[in-house]
Amino acid sequence: MTNVHRLERPSFGEALPPEGTRRIIDNEERVLYDGYWIKTYPVPSDSLQAKKLLIEALTRRLFNHTEHGLNIPGCRLAEARQSYQAETDPGRRRVKAAMLAGALFNRATDIFRKLVELQADGIEVPSDDALMRECGQCLLDAMDLGHVVLHRSGEEGIDELWGEPFRAFSVSIEEFYESRYIKIGQSMRDIDCIANAMVANFSGIPAFAAIEAPVRHFANAARIKAETLRTDPNIFDVWAQLVTAGERLANFTPTPASKPLRGQTTRRLHRVSDGLQLLRNGRALVFYIARARTPMPRSTCDYIERCQAYLATGRIPVMAAPLPA
């Protein structure tokens with residue numbers, strides 16, 4: 001496993017390569033987005049069969065990263081819609097809207113699967129076919145409801161995941177792959193923002209003075225995971241490296257505090273247990289981003305603010321309770 005290739009700052013007067021530039025680096029094609037040279041993969045043929053497989057994979061990925069209970073079969077779409085429309089309690093209405101989004105996605109996948117079967121039997125399906133329009137509308141309606149859905153952890157929802165199946169349906173597979181590289185670059189940027197916040201706010205605290213090395217190692221492993229498909233032959237090394245780097249960060253042992261000398265000004269005391277919890281929260285957030293390969297900007301900003309509050313006060317702010325596992 002190698003490091004992610006970060007774009008070096010050009011010398012004075014040298015222009016940055018444009019976004020989307022492709023280069024061969026260490027015998028692999030990579031594309032530049034957000035300052036990172038991201039590993040590329042061959043694009044499948046642009047056929048209904050290929051789109052079916054892609055949409056099914058995106059739907060599975062969606063339910064893998066969202067809160068529990070949303071994988072409602074498409075055949076129950078009418079029930080899900082009726083229950084959502086009849087609900088008046090705001091909290092329950094949000095959950096039922098998320099369940100309706102899940103049913104819409106599954107209905108779209110069901111329709112697309114049947115369209116591919118018809119094509120395999122030699123029946124041509126035009127792009128303006130009624131079933132094609134219904135499939136697209138289901139994906140669009142689900143995307144509109146996606147903003148109410150939370151991440152499985154209880155963090156912010158990942159709206160991009162809800163838009164991906166519709167985008168895969170409506171554009172060429174080549175265009176879809178390119179849009180994913182853009183999101184991967186943004187994910188790497190968020191991972192580095194989180195790592196930089198950890199280092200900047202913890203390194204000056206004596207108990208956490210040695211934190212930089214495990215944080216950098218974990219962030220590097222997370223960036224590599226973000227660019228690596230599960231079908232990649234290197235995934236076994238990539239995933240094992242990420243998990244073990246995360247374990248080392250979570251098991252970081254703070255340096256015992258020394259007693260101040262007589263006459264020495266007492267430093268602000270930082271509650272070590274709070275600091276360890278904050279490190280583990282950051283590790284979890286990086287895992288979420290790396291696995292989803294999608295940025296979580298609001299959660300990233302919230303985490304950075306919690307790190308700054310810990311440095312300033314020695315305590316971490318109260319956090320919302322996570323969703324049940």
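How many disulfides does the count come to? The count comes to zero, taking a disulfide as a pair of cysteine sulfur atoms within 2.5 Å.

This is a predicted model: local features need pLDDT of at least 70, side-chain atom pairs count only at pLDDT 80 or more, and totals for chains, interfaces and linings use all residues. Residues are numbered from 1 along each chain as its sequence is written, and side-chain values use heavy atoms, with hydrogens and water left out.

**View A. Cys135 and the sulfur of Cys138.** Cys135 takes part in no disulfide. Its nearest cysteine sulfur belongs to Cys138, 6.9 Å away. Cys135 is buried, at 1% relative accessible area. Buried means under 20% relative accessible area, exposed over 50%, and partly exposed in between (1.4 Å probe, protein chains only).

**View B. Cys75, an exposed cysteine.** The relative accessible area of Cys75 is 66%.

**View C. Asn27, a non-glycine residue with positive phi.** The phi of Asn27 is about 65°. Asn27 sits in the loop between strand S2 (22–25) and strand S3 (28–33). Helices (H or I, at least four residues) and strands (E, at least two) are DSSP runs, numbered from the N terminus. Asn27 is exposed, with 77% relative accessible area.

**View D. Arg293, in the loop between two helices.** Helix H9 (272–292) lies on one side of this loop and helix H10 (297–313) on the other. Arg293 is not a glycine, yet its phi is positive, about 55°. Arg293 counts as buried, at 12% relative accessibility.
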